[in-house]
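Dear colleague,

I am passing on to you the structure shown here, together with an account of what was found in it. Please read the notes below alongside the sequence and the coordinates.

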Amino acid sequence: MRKKYRMLSALTISLTLAAALSGCQSGQDQITLVKPKSNQTPPSSVSTSHPSSNRGDRTLTVVDGAVQSANPEAIVDRIHRIDDAHIEKWLSDNEVQVEVVKVTKPPTKTVEAQYSYTSAVVELTQDQLRNIPKTPERSNGQLTVKEQPSPDGKLIFIQKWMDKYTASNFIQQVSTGSLIEVPGDNYMEVGDWLDNNTYVLAAGSTQGRGEIRHISADGTYTPLELNDPDTEILSQIGTSGGRIYYTDVHHQLKAFEPGNSVPTLIAKNVGDFQISPDGQRIAVATFMANDKGNTQILIYTPSGQVQGSMIGKGDMMLYLAWSPNSAKLAFALYSEEKSGMNGLYIFDSNTGSVSPLGPTYYPVYPLNWSPTGKRLGVTMQNESSSIVTQILDFK
């Protein structure tokens, strides 16, 4: 089931985390650029900013500040800040489409809060913002779209969500723009490209696991068989080398292949996993047996061998995200003890180094890399219980 406005309950409950986000205070639809200086800490406010552009009811400012990793492997050059917004998708390395989410009616004890949703495109090189006109579907809040390009970029798998539970699916030919509708709807948005011409979709169901669909470029599909009684629903899948990876109800990472329904065990006590785009590594967040609060982040080979030593440890792993070229892994951890690993880190798969980026970065949406991996979007909760997105530009 999809959630339009995803928050981590452990973060929303903890007042200490909200207080830690002093560098992310909300303004009035403000987009801010932060120009870091060496060997300093992030600015706690934007009170020293000077306006550089005005577009509609949003302002764009440039702030003298400071954010730089202590490790030269990951140096942040500047930060773009967008209040009350999260990233919908990257249009290019210099353009990002965001959705601005605002509370139009506060929640009560019996009624959920109501929100308004508008989209805009931020051009990061020229520091420009343009609004996207509302379509009738978006005006009614009834249509969201998820797109996943194939590894070679020639096809796009598209899900058009008509509500929180039902989506129609399409295969788009990038060269022609033509859409081929895939039969059947789905309850989950879980899927991945198995190769350049085949998409695997765990459609889900309100009753049981639902179909796992092996979808071809022409829109036709065949159901895949998975012989695993410990899998009631597939909430996440990934692919590598023609294999499909998932976790079962016992938090075990497993893999199976089309034509072979019996899965292979990869790792135990898995809270989350992310396969690198080149399929050569699997980042796995594991927890100690009988202690889910002690999380370790390890790198596995597709066959299940641990590569190197642990790269991160904390009480809670928030998000993992590989850069598009598989060179870097961004991850965020939370630890109760200040001496533990807290905030956002970058693991360099070429050197094996881990660079801290900021102790107050606690994302509430998935981490989001630009197409070349030169920029990283991080969406956090601010003190007003809204959200703020910071886009980090790396040197």
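Two strands are counted as paired if DSSP finds at least two bridges between them, and strands themselves are DSSP runs of E with at least two residues, numbered from the N terminus. With that in mind, a hairpin of five residues joins β10 to β11. Please note that this is a predicted model.

Overall composition

The protein chain contains three helices and 31 strands. Of its 395 residues, 48% are buried. Among the contacts in the protein chain with a separation of 6 or more, 46% are between residues 24 or more positions apart.

Strand β10 and its partners

Strand β10 pairs on two sides of the sequence, and I begin with β9. Strand β9 (residues 144–149) and β10 are antiparallel and share six bridges. Within this pairing, proline 149 stands opposite isoleucine 156 in β10. The hairpin of β9 and β10 has five residues between the strands, and glycine 153 in this hairpin takes a positive phi near 75 degrees.

Serine 150 also has its place in the loop between β9 and β10. Is serine 150 buried or exposed? Its relative accessibility is 4%, so serine 150 counts as buried. Setting aside residues up to four places away in sequence, serine 150 touches Leu155, Trp193 and Asn196.

The pairing of β10 with strand β11 (residues 167–173) is antiparallel as well, and runs over seven bridges. Here leucine 155 has glutamine 173 in β11 as its bridge partner. Six of the seven residues of β10 are buried, so the strand is largely enclosed by the rest of the structure.

A charge over a ring may be mentioned at this point: lysine 160 lies over the face of phenylalanine 170, at 5.1 Å from the ring centre.

Aromatic pairs

How many aromatic pairs does the count give? The count comes to seven aromatic pairs. One of them is formed by phenylalanine 157 and tyrosine 199, which are stacked, with 3.8 Å centre to centre and 10 degrees between the planes. Phenylalanine 157 belongs to strand β10 (residues 155–161) and tyrosine 199 to strand β14 (residues 198–202), so this pair ties together parts that are 42 residues apart in sequence. Phenylalanine 157 is buried, with a relative accessible area of 1%, and tyrosine 199 is buried too, with a value of 0%.

A further stacked pair consists of tryptophan 369 and phenylalanine 394, at 5.9 Å centre to centre and with 25 degrees between the planes. This pair links distant parts of the chain, since tryptophan 369 lies in strand β29 (residues 368–369) and phenylalanine 394 in strand β31 (residues 387–394), 25 residues apart. Tryptophan 369 counts as buried at 8% relative accessibility, and phenylalanine 394 is buried with a relative accessible area of 16%.

Four strands form an open sheet with antiparallel pairing, in the order β13-β14-β15-β16. Why is one side of β13 and of β16 left without a neighbour in the sheet? Strands β13 (190–195) and β16 (221–223) stand at the edges, and each has a single partner strand, so one side of each has no neighbour there. On average, neighbouring strands of this sheet are turned by 25 degrees against each other, direction ignored.

Strand β15 (residues 212–216) pairs with β16 in the antiparallel sense over three bridges. In this part of the sheet, arginine 213 has proline 223 in β16 as its bridge partner.

In soluble globular proteins, nonpolar side chains tend to be buried together. The largest nonpolar core here has 22 residues, of which Leu344, Leu376, Leu392 and Phe394 touch the most other members. At least two residues of this core come from each of β4 (76–83), β25 (316–322), β26 (328–334), β27 (343–348), β30 (375–381) and β31. Leaving out residues up to four places away in sequence, leucine 344 touches a set of residues including Phe331, Tyr361, Leu367, Leu376, Val378 and Leu392. A second, separate core has 14 residues, among them Tyr187, Met188, Leu194 and Val200.

With kind regards

Definitions and conventions:
Residues are numbered from 1 along each chain as its sequence is written. This is a predicted model: local features need pLDDT of at least 70, side-chain atom pairs count only at pLDDT 80 or more; totals for chains, interfaces and linings use all residues. Side-chain values use heavy atoms; hydrogens and water are left out. Rings of Phe, Tyr and Trp (its six-membered ring) pair if their centres lie within 6.5 Å; planes under 30 degrees apart count as stacked, over 60 as edge-to-face and the rest as tilted. Buried means under 20% relative accessible area, exposed over 50%, partly exposed in between (1.4 Å probe, protein chains only). A charge sits over a ring if NZ of Lys or CZ of Arg is within 6 Å of the ring centre and within 35 degrees of the ring normal. A nonpolar core is a set of buried Ala, Val, Leu, Ile, Met, Phe, Trp, Tyr and Cys residues joined through side-chain atoms within 4.5 Å. Contact means heavy atoms within 4.5 Å. Axes are lines fitted to C-alpha atoms, for helices over the stretch in contact, and angles run from 0 to 180 degrees between N-to-C directions.
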